[in-house]
Amino acid sequence: MKKIALNGAGLLVALFAAFPVYWMISTSLKPSSEIFSSTPQPVPAHPTLAHYREILTGNLIPGVSFLDFFLNSAIVAVSTVVLSGLVALLAATAVARFRFKLRTSFLIMLLVVQMIPLEALVIPLFLMIQRLGLYNTLPSLILTYLGFSLPFAVWMLRGFVAAVPKELEEAAAIDGASRAQTFRRVLFPLVAPGLVATSIFSFITAWNELIFALTFINDQGRYTLPVAMTFFFGRDDTNWGPVMAASTLFTLPVIIFFLLVQRRMVSGLVAGAVKG
Amino acid sequence: MTTLTEVPEAAAARETPARRRRRVDRLPYLLLLPALLIIGVLLLWPLGQVVGMSFYRLNSVRQLRGDREWPWVGLGNYTDILSDPFFLTVLRNTVLFALANVLLTMVLGTLVGLLLNRLGRRMATFVASCVMLAWATPALTGTIVWKWIFDDTSGLVTWLFNALPDGLSNTLFGRSDWTGYGWFNSPLLFFAILTLVVVWHSFPFIAVSVLAGLKSVPSELHEAARVDGASPWRVFWKITFPLLRPVFGILIVLSTIWDFKVFTQQFVLAGGTQDRPTFMLSIYSYAEAFSPPPKYGLGAAIAVILTLILLVVTGFYVRMVLRQEDES
């Protein structure tokens with residue numbers, strides 16, 4: 001009896017959590033007549049890819065298609081990932097492998113900096129981007145997201161670097177490897193999985209970001225996907241079929257990446273609170 | 001202490017002690033330099049600058065580009081904001097929204113965490129996977145889907161309310177036809193839906209963290225208490241909660257910080273920055289600065305107020321994390 005109640009509660013929770021995602025995908029596969037019918041269909045009766053075809057082949061504004069926005073987002077996110085991964089790896093090696101005077105101060109700063117409300121930085125960063133002449137360019141976003149993703153990336157990578165046994169590096173050094181060689185041939189391959197996990201977080205940060213992309217980009221051809229979605233969809237009289245198809249295409253890469261690394265997310269955020 | 005620095009004799013012997021010491025000192029700083037530069041220039045400097053900007057009257061982009069003077073107004077922006085009764089509405093919205101959301105997220109998240117801990121393995125995996133989906137969904141698309149669910153003609157909620165027996169619907173709500181009902185029109189209803197969207201998105205993190213905490217606690221204590229006939233309520237408050245207190249502390253602080261600065265969900269749900277009665281601090285700051293006519297100085301002052309509130313909360317967070325790093 002108790003078991004049934006627990007399982008029932010579990011099913012309710014699962015339904016509440018997963019339903020919107022299901023409904024998004026399900027709606028994207030329904031013909032418009034089913035979407036706008038007065039009785040909703042739980043499952044698409046006549047599944048169709050028409051909405052996907054519509055957004056992938058049509059132009060949202062003259063000369064700019066969904067794929068262009070997708071590409072803009074991908075350029076920004078991938079550039080952020082590469083730069084942030086590189087810089088974070090160096091910094092993580094410093095804090096995980098060396099004891100030096102400012103080490104603790106740096107770690108505290110990393111924690112504090114992650115708590116800065118980024119929403120409060122839109123105005124000064126807008127000023128900086130204007131001054132640098134980067135307004136309305138994709139690099140303005142790459143630069144911004146680099147700053148946002150770096151503290152968490154260093155914090156997370158630190159653990160991965162520390163987990164590599166020092167003996168391996170010592171052995172390499174005894175065999176006459178230079179520091180650069182030790183780093184490249186020994187440490188790097190062993191930290192690579194951690195670097196992938198960290199990169200995924202930077203990717204998601206950059207891919208999902210809306211406010212800064214909304215503010216720094218003026219030219220519609222350079223919109224990232226989130227900005228394009230708030231601009232062209234979500235207005236009154238929304239045509240939900242294409243909107244849900246676009247949402248699905250935007251969401252799926254994030255969900256896939258996310259599920260690959262979510263364990264690290266918990267341990268990174270609660271930083272030592274949970275032992276084990 | 002260090003590996004790359006304390007190289008065994010074979011490699012170290014080639015260097016004079018003096019040279020070796022210098023290298024020992026410099027390398028970590030060299031490795032940190034790019035990160036420090038980026039964090040300094042892109043996070044710390046703007047943080048200082050937002051304070052600086054809040055003391056000026058900045059009403060055009062040309063001022064930002066440096067083509068025009070920046071008139072100093074001292075605390076003028078702050079007195080403007082604080083003397084505007086609208087600010088009180090915004091502050092009230094922000095604080096009440098954050099409190100309600102933290103409370104609901106924590107309660108729901110903890111209950112789900114406890115539930116996951118009690119379920120059988122197969123069921124727990126299934127429920128946890130579904131919960132992960134809500135967490136993984138970007139705030140943007142999650143909000144768009146909820147907006148579709150609350151669509152006033154073909155949305156699921158509108159259909160549900162239409163499906164209620166007319167008599168019941170009339171007695172409860174005073175209407176039976178819900179088609180065309182503006183779910184987002186009254187501020188209270190808007191905040192209720194926004195709360196639903198935000199809690200839906202943030203309870204999974206709490207649930208998973210609480211579950212991770214529970215797994216690290218020896219289960220004998222719970223079993224012993226249960227054998228002794230303690231009610232689940234008592235077991236939670238007398239055993240689970242004290243053991244997980246540090247986890248709960250950090251989760252509450254993180255949730256508070258996140259819920260104080262909700263932006264994307266509100267922006268998408270309200271369809272922009274026009275719905276002033278539902279403004280909270282972050283969207284208020286953004287709207288003042290970037291909706292024409294631009295008032296960057298005023299927006300900066302609001303951003304500073306938001307930051308100060310969060311600074312206090314952050315202080316608690318850092319103290320808690322440091323205490324735990326010491327313990328472990």
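Helices here are DSSP runs of H or I with at least four residues, strands are runs of E with at least two, and both are numbered from the N terminus. The span is labelled "domain: ABC transmembrane type-1" in an unreviewed UniProt entry. UniProt positions are given in the numbering used here, with feature names shortened, and such annotations may be inferred rather than shown by experiment.

Residues are numbered from 1 along each chain as its sequence is written, and chains are lettered from A and ligands numbered from 1 in the order in which they are written.

How confident is the predictor? The model comes with an ipTM of 0.89 and a pTM of 0.89. Residue by residue, confidence is given as pLDDT, on a scale from 0 to 100. For chain A the mean pLDDT is 89, with 93% of residues at 70 or more; for chain B the average is 88, and 91% of residues score at least 70. Residues 1–13 of chain B fall below 50, and this stretch has 23 contacts beyond near neighbours in sequence. A contact means that the C-beta atoms of two residues, placed from the backbone, lie within 7 Å. In chain A, pLDDT stays under 50 over residues 271–276, with 19 contacts beyond four places in sequence. Where pLDDT is low, the predicted coordinates should not be read in detail.

Back in chain B, the unreviewed UniProt entry also marks "transmembrane region" at several places, including residues 29–48 and 296–318. Residues 29–48 of chain B are 100% helix and 0% strand, with 24 Å between the end C-alpha atoms. Residues 296–318 of chain B also come out as 100% helix and 0% strand, and here the end C-alpha atoms are 31 Å apart. A cis peptide bond turns up from Pro292(B) to Pro293(B), with omega near -5°. Pro293(B) belongs to the loop between α14 (281–290) and α15 (296–327) of chain B.

Turning to chain A, there are twelve helices and two strands. Starting at the N terminus, the order of elements is α-α-α-β-β-α-α-α-α-α-α-α-α-α. Along the principal axes, the C-alpha atoms of chain A fill a box of roughly 75 × 65 × 35 Å. The "transmembrane region" label, again from an unreviewed UniProt entry, covers stretches of chain A that include residues 5–25 and 106–129. Residues 5–25 of chain A are 100% helix and 0% strand, with end C-alpha atoms 30 Å apart. Residues 106–129 of chain A are 67% helix and 0% strand, and their end C-alpha atoms lie 27 Å apart.

Chain A is split into domain 1 (1–48) and domain 2 (59–269), with bounds that come from an automatic or database domain assignment. The C-alpha centres of these two domains of chain A are 33 Å apart. Where they touch, domain 1 of chain A puts in seven residues and domain 2 of chain A six. On the domain 1 side, α1 (2–28) and α2 (32–35) of chain A each give two or more residues, and α1(A) gives the most, with four. By class, that side has three nonpolar, three polar and one charged residues. Ala, Val, Leu, Ile, Met, Phe, Trp, Tyr, Cys and Pro count as nonpolar, Asp, Glu, Lys and Arg as charged, and the others, Gly among them, as polar.

Within chain A, helix α4 (residues 66–97) packs against helix α7 (residues 138–163) at an angle of about 40°, with axes 6 Å apart. The axes are lines fitted to C-alpha atoms, for helices over the stretch in contact, and angles run from 0 to 180 degrees between N-to-C directions. The contact of α4(A) with α7(A) draws on 21 nonpolar, seven polar and two charged residues. In the loop between α6 (122–131) and α7 of chain A sits Asn136(A), which is not a glycine and yet has a positive phi of about 70°.

Finally, the two chains meet in a contact that takes 88 residues from chain A and 90 residues from chain B. The chain A side of that contact is made up of 61 nonpolar, 17 polar and ten charged residues.

Methods: This is a predicted model: local features need pLDDT of at least 70, side-chain atom pairs count only at pLDDT 80 or more; totals for chains, interfaces and linings use all residues. pLDDT is the predictor's confidence in each residue, from 0 to 100.
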